[in-house]
Amino acid sequence: MEKVENLQTAVLAGGCFWCTEAVFQRLEGVKNVLSGYTGGTIKNPAYREITTGRTGHAEAIQIQFDSDVITFKELLEVFFYTHNPTTLNQQGADKGTQYRSAIFYVDNSQKEIAEELIKKLNDDEIFNGQIVTEVTELGPFYIAEKEHHDYYNRHETQRYCQLVIDPKLATLNNTFKSKLKKEVKNVN
């Protein structure tokens with residue numbers, strides 16, 4: 001008898017969605033990762049509008065995951081260690097609300113898990129500074145334009161990918177080796 005997957009959804013924003021997509025695609029139990037926009041004020045925003053910072057949207061990823069293989073809390077642990085959750089509206093050289101650190105919860109359980117983990121990480125002084133990650137109920141999620149999907153896997157030799165995404169993947173490989181898929185493949 002075939003095992004039934006316990007699929008759940010998580011929506012996270014950790015700066016550029018090319019970076020977060022590349023990280024989460026590599027985790028065992030993650031079935032699909034979509035880049036998109038959420039948390040803003042206009043319907044169906046386009047990338048050119050998002051980059052201005054005036055729509056209120058964050059570049060985010062929608063993750064479909066099997067919670068019997070990887071839990072929401074484990075996803076959040078990877079999330080916090082693969083971006084800087086202590087800089088307000090900034091990841092590296094990317095500045096603006098569209099690059100904010102945010103967890104867009106889909107239910108109260110996710111909200112509680114996120115808030116408890118943030119408190120623990122702050123209490124344990126894991127980072128140099130307090131976590132400023134926003135914890136907000138998920139509103140509409142708009143899927144990004146096709147050219148933004150599977151970006152790193154299609155462009156890994158580009159300078160941005162080498163300078164910004166490769167270090168995040170190195171952290172993932174060094175810190176969460178046991179959570180990685182045996183073989184990396186496009187999960188979209």
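## Close-up views of a predicted model

**View 1. Asn122 in helix α4.** Asn122 is found in helix α4, which spans residues 108-123. The model shown here is predicted. Asn122 counts as buried because its relative accessibility is 14%, and the cut-off for buried is under 20%. The side chain of Asn122 reaches out to the backbone nitrogen of Ile131, at 2.9 Å. Leaving aside residues up to four places away in sequence, Asn122 touches Gly129, Gln130 and Ile131.

**View 2. The stacked pair Trp18 and Tyr151.** The count of aromatic pairs comes to seven. In one of them, the ring centres of Trp18 and Tyr151 lie 3.6 Å apart, with the planes at 5 degrees, so this pair is stacked. Planes under 30 degrees apart count as stacked. The pair links distant parts of the chain, 133 residues apart. Trp18 sits in helix α1 (residues 17-25), and Tyr151 in helix α5 (residues 151-155).

View 3. Trp18 has a relative accessibility of 14%, so Trp18 counts as buried. Tyr151 is buried too, with a relative accessible area of 10%. Both values fall under the 20% cut-off.

**View 4. A cluster of aromatic rings.** Phe17, Tyr37 and Tyr47 form a cluster. Ring pairs provide the links between these residues.

How values were computed:
Residues are numbered from 1 along each chain as its sequence is written. This is a predicted model: local features need pLDDT of at least 70, side-chain atom pairs count only at pLDDT 80 or more; totals for chains, interfaces and linings use all residues. Side-chain values use heavy atoms; hydrogens and water are left out. Helices (H or I, at least four residues) and strands (E, at least two) are DSSP runs, numbered from the N terminus. Buried means under 20% relative accessible area, exposed over 50%, partly exposed in between (1.4 Å probe, protein chains only). A polar contact is a pair of N or O atoms within 3.5 Å; within protein, one must be able to donate a hydrogen and the other to accept it, and residues adjacent in sequence count only if both atoms are side-chain atoms. Contact means heavy atoms within 4.5 Å. Rings of Phe, Tyr and Trp (its six-membered ring) pair if their centres lie within 6.5 Å; planes under 30 degrees apart count as stacked, over 60 as edge-to-face and the rest as tilted.
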